[in-house]
Amino acid sequence: MEWCVSMPKIELHAHLNGSIRDSTLLELAGGLGEKGVIVFSDVEHVIRKSDRTLHEVFKLFDLIHVITTDHKTVTRITKEVVEDFASENVVYLELRTTPKKNDSIGMSKRSYMEAVLEGLRAITVVDVDFVPRSIDVSSPVTTMNMDTFSGTARKKIYVRLLLSIDRRESTEAALETVKLALEMRDLGVVGIDLSGNPIVGQWDTFFPALEFAKEQGLQITLHCGEVPNKKEIQSMLGFLPHRIGHACCFEEEEWRKLKSSEIPVEICLTSNIRTETISSIDIHHFG
Ligand SMILES: CNc1ncnc2c1ncn2[C@@H]1O[C@H](COP(=O)(O)O)[C@@H](O)[C@H]1O
């Protein structure tokens, strides 16, 4: 395990609210419990449980969103999540999150993303490169920086952002997310992800926004085939996304299409086994 932690890594499939420290979630839930917003004893065991079915995962996300969706907390979890990936020697991280709107607390999709950026700026334990710069041949990509005061090497992590569209959203809301991604390109946003409970919503709903994103040069990744849905899988592959996530329920025909279209797959081994999407590692498509 040690060699795995020490090896420099690239993480391409990390959901912000899926990567929060349990200790932070418990602390925040405790605070909301004290304010009477939630009953802490009802949620504590839900947070502590490590393996959950896919159905339970999405119920947990609803709870997490209640706990984390205010600007200050979004900033805190972003900072912690990136620090945690850096401590495991991730050197390039694509962090995805669903911009959220909540009028009652003055949160817009943009202000949610600004809180994320604030979290990136607040990191001090590691150097963070999150604003893409034009490639300068005189400054090669590095994963260590020299600390001029102490003379010691400091870790560096490159962070890029993907804005997620949740399958519960409308065509208009998805379009708003794509427009926001375009506005935030200079701030490290590189693409769009379609995610959320795979048994909710229709893929067609998101097609106009994703087509627009593609035309505008944003990279697109789709959660595809996390549950069996042949029609949707085939239509998603026909869209030719730049990447897909999961690909658990593919049949021979879809694997052929995937290979001929040269679409890379973000394999989510741990998630698929823990959520029981794939019953055993021996039959996982990674092998
Ligand atoms: C387990 N497999 C999965 N399949 C599909 N979507 C998933 C997911 N895991 C996470 N998400 C998506 O990411 C959101 C949480 O992070 P953010 O609030 O965006 O930061 C979830 O609400 C869901 O939409």
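Alanine 173 sits in helix α7, residues 171-183. Helices here are DSSP runs of H or I with at least four residues, numbered from the N terminus. This is a predicted model: local features need pLDDT of at least 70, side-chain atom pairs count only at pLDDT 80 or more, and totals for chains, interfaces and linings use all residues. Residues are numbered from 1 along each chain as its sequence is written, and side-chain values use heavy atoms, with hydrogens and water left out.

Is alanine 173 buried or exposed? Its relative accessibility is 17%, so alanine 173 counts as buried. Buried means under 20% relative accessible area, with a 1.4 Å probe and protein chains only. Lysine 109 is 64 residues away along the chain, and the two C-alpha atoms are 9.6 Å apart.

Next, the ligand. In the side chain of glutamate 226, an N or O atom lies 2.7 Å from a ligand nitrogen. A polar backbone atom of glycine 196 is 2.9 Å from a ligand nitrogen. Histidine 15 places a polar side-chain atom 3.0 Å from a ligand oxygen.

Last, the helix pair. The axes of α9 (residues 230-238) and α10 (residues 252-261) come within 10 Å and cross at roughly 10 degrees. Those axes are lines fitted to C-alpha atoms over the stretch in contact, with angles from 0 to 180 degrees between N-to-C directions. The two helices are therefore roughly parallel, a label for angles under 35 degrees.

Terms used. Parallel < 35°, antiparallel > 145°, perpendicular 65-115°, else oblique. Buried < 20%, exposed > 50% of the residue type's maximum accessible area, 1.4 Å probe, protein only. Polar contact = N/O pair within 3.5 Å; in protein donor to acceptor, adjacent residues only side chain to side chain.
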